Amino acid sequence: MSELQNEVSELERKSATAARLFDIRRIIGGLFVLYGVIVTIAGITASDADLKKAEDININLWTGLGMLALGLFFLIWLKLRPTAPPTPDESE
């Protein structure tokens, strides 16, 4: 019986790890941070001609900073409220 309990405990641990690993907030937050860094760098290195096209508004910089803020929000939310793995009673 003890061996069966150990096996069940191991499967529950793996299930909890998979639930945390594939949380959609991690994926969305990571992508927004990655793209936010890229767009922010494009905004920082914008030329005067690029700014004149956008009526002197550095849209890449502001969009990149917004994407960074949103991505960090998702990642902080994930850290503060982690996903609880489903219990065996809930799945039945």
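Leaving aside neighbours within four places in sequence, which residues is Asp23 in contact with?

## Asp23 and its surroundings

The partners are Leu78 and Thr83, once the neighbours within four places in sequence are set aside. Keep in mind as you look around that this is a predicted model.

To find Asp23, go to the loop between α1 (2-21) and α2. Asp23 has a relative accessible area of 9%, so it is classed as buried, the cut-off being under 20%.

## The salt bridge

Asp23 also has a charged partner: its side chain and that of Arg25 meet in a salt bridge, with 2.7 Å from N to O. Side chains of opposite charge can pair when their charged atoms come close.

Why does this pair qualify as a salt bridge? The N to O distance is 2.7 Å, and the rule asks for a side-chain nitrogen of Lys or Arg within 4 Å of a carboxyl oxygen of Asp or Glu. By this rule the count comes to one salt bridge. Both partners, Arg25 and Asp23, are buried.

Now for Ile24, which belongs to helix α2 (residues 24-44). Is Ile24 buried or exposed? Its relative accessible area is 52%, so Ile24 counts as exposed, for which the cut-off is over 50%.

On the surface, Ile24 is part of a nonpolar patch with Ile27, Leu31, Leu34, Tyr35 and Ile38. Together these residues have about 570 Å² of accessible area.

Key: Residues are numbered from 1 along each chain as its sequence is written. This is a predicted model: local features need pLDDT of at least 70, side-chain atom pairs count only at pLDDT 80 or more; totals for chains, interfaces and linings use all residues. Side-chain values use heavy atoms; hydrogens and water are left out. Patches are made of residues with over 30% relative accessible area and no salt bridge: like charges are joined within 9 Å, nonpolar side chains (Val, Leu, Ile, Met, Phe, Trp, Tyr) within 5 Å. Accessible areas come from the Shrake-Rupley method with a 1.4 Å probe; for residues, only the protein chains shown count as cover. Helices (H or I, at least four residues) and strands (E, at least two) are DSSP runs, numbered from the N terminus. Buried means under 20% relative accessible area, exposed over 50%, partly exposed in between (1.4 Å probe, protein chains only). Contact means heavy atoms within 4.5 Å.
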